[in-house]
Amino acid sequence: MRTAAQAWWFAAARLIVAVLIGLILGALLHSPWAGVACALAAYLAWQLIVLARVDWWLHHRSVSEPPETGGVWGRVISQIVRLHRRKRFHKERFVQLMRQLRLSTAALPNGVVILDAQREIVWFNRMAGRLLGLRPTVDLGLRIENLLREPQFTRYLAKGDFANPVVIRRSSPKESYLSLQLVPYGEGEQLLLATDVSRQMRLEAVRRDFVANASHELRSPLTVISGYLETLSQDPALDAELGSPVAEMRRQAQRMTAIIHDLLELSRLEETDERVGGEPLDMAALMAILRKDVLARPSHPREVRVRVDSDAALVGKESEIHSALANLVDNAAKYTPPEGSVEMCWWVDAEGGHFAVTDTGIGIPPEHIPRLTERFYRVDPGRSRATGGSGLGLAIVKHVLQRHGAELEVQSTPGQGSTFTCHFPPERVRIADESLLHG
Ligand code: ADP
């Protein structure tokens, strides 16, 4: 094929030759300009015919071959053919990619829902339809919170912290537990990932039941053993050599009883994740009881102070709140030497109600703090066992606080002491005289 320059030179030369022929023939007939005009008209007519053929071919490109014109038109046609081929190639690749994407998302074991900035459904895969009961086309454009009305999910959306998934229980389309997580992307769009965690939840329930049943079964024989050990230890006829082993056995039996008590309490707290209601609790009275309990310990820090900065009540379940706060105060007393001090404090501000226990005890190295609420986690196992700790106290605290929508904050410096603070949300605080709040 000619180069572009050659083709244009050739077209120009052809036009000049046509004009010259017209001029010569016109001159022979004594009308040179008429001859030029005729030559130009013929050239134009020929160009129009070629243009008409190209136009026809463009309209019937899929069924007809391109016209063989050569020259500049030939170049134009081959450019069109090339562009067309390239477009078809990209289109086919795009269609193939889309097909693969559709097939792979359909095969995903997880549900995927694309939401726009208003949280309206843009698209969802087959698994999302199955798990969340979404109807193809009908539910497109609807807001996800109008379709998933479970309170846990509503709270999750309101909180706006999507770092972790939330587990919801659904009764339709079938009884199941779903883990849902929002993943923000683009400009306000979000991806909702849904996973069926019913199996894991069932296994978790089996584990919970097992621990609860085992603890329950162990309680009766242990009560009998403890009873006999107590009688034995008080028997004046007991051989002096046996005194110390029997006392140690009594101590260990008491520890086992404490562990079983805490295990049963944890199982009960774990039964549901539901938030508890409760009644307004008089914090000053509760803290006075906690102080008396600490002072009743055989060994306790010299000073146990109580500071009540607000007479607002805490709304919660009394038995649970008492158990959680008692665990914190008990730990402060356990891990603080007799010459140290412990202070309990209750105050209210715009962020809610706060209960803090500060001690001047042994403190906790920072690397242990994130794991303290794990079951049986102990910073110093030897010391903890010696103090009679079950290793479950802070796990109980965490569960109780969760059920009250509260959070635990731990600050500690080894060798100087620790502060454990429970932050309760404002809806858990009942101001004694509402008029004071607004007045
Ligand atoms: P335990 O029954 O062993 O005290 P907890 O769950 O109550 O179990 O506490 C977990 C661990 O956290 C304890 O073993 C202890 O090492 C550490 N800990 C808890 N409270 C304090 C505190 N006030 N000062 C120092 N260490 C503490």
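Before the details, two remarks on how to read the values. Because the model is predicted, local features need a pLDDT of at least 70 and side-chain atom pairs count only at pLDDT 80 or more, while totals for chains, interfaces and linings use all residues. Residues are numbered from 1 along each chain as its sequence is written, and side-chain values use heavy atoms, with hydrogens and water left out.

Let me start with the chain as a whole. Its secondary structure comes to 13 helices and 13 strands, where helices (H or I, at least four residues) and strands (E, at least two) are DSSP runs numbered from the N terminus. The radius of gyration of the protein chain is 42 Å, whereas a compact globule of 439 residues would have one near 22 Å; the radius is taken over C-alpha atoms, and the globule rule is 2.2 Å times the number of residues to the power 0.38. Along the principal axes, the C-alpha atoms fill a box of roughly 155 × 55 × 45 Å.

The chain is divided into domain 1 (4-103), domain 2 (109-196), domain 3 (202-270) and domain 4 (279-437), with bounds that come from an automatic or database domain assignment. Taken over C-alpha atoms, the centres of domain 2 and domain 4 are separated by 37 Å.

As for the surface, the protein chain exposes about 26900 Å², of which carbon and sulfur atoms supply 59%; these areas come from the Shrake-Rupley method with a 1.4 Å probe, and for residues only the protein chains shown count as cover. Of the 439 residues, 35% count as buried, and here buried means under 20% relative accessible area, exposed means over 50%, and partly exposed lies in between (1.4 Å probe, protein chains only). Among contacts with a separation of 6 or more, 58% come from residues 24 or more positions apart, a contact being heavy atoms within 4.5 Å.

Now to helix α12, which spans residues 393-403. It is mostly covered, with nine of its eleven residues buried, including Leu394, Ile396, Val400 and Arg403. What covers these buried residues includes α8, α10 (318-334), β11 and β12 (417-424). After α12 comes Gly405, whose phi is positive, near 65°.

His404 lies in the loop between α12 and β11 (407-413), and it counts as buried because its relative accessibility is 1%. Leaving out residues up to four places away in sequence, His404 touches, among others, Arg275, Val276, Glu320, Phe424 and Arg428.

Val276, one of those partners, is found in the loop between α8 (240-270) and β6 (279-281). With a relative accessible area of 13%, Val276 is therefore buried. Beyond its neighbours within four places in sequence, Val276 is in contact with Lys317, Glu320, Arg403, His404 and Arg428. Its C-alpha atom is separated by 77 Å from that of Ser64, 212 residues apart along the chain.

The C-alpha atoms of Met344 and Ala205, 139 residues apart along the chain, are separated by 36 Å.

By way of contrast, Ala237 is in the loop between α7 (198-233) and α8, and at 67% relative accessibility it counts as exposed. From the C-alpha atom of Ala237 to that of Leu20, 217 residues apart along the chain, the separation is 146 Å.

I will finish with two backbone points. Most residues other than glycine have a negative phi. Thr137, however, has a phi near 60°, a positive value in a residue other than glycine; it is found in the loop between α4 (126-132) and α5 (144-147), and at 64% relative accessibility it counts as exposed. Phe376 likewise has a positive phi near 60°, and its place is in the loop between β10 (352-359) and α11 (381-386). With a relative accessible area of 40%, Phe376 is partly exposed.
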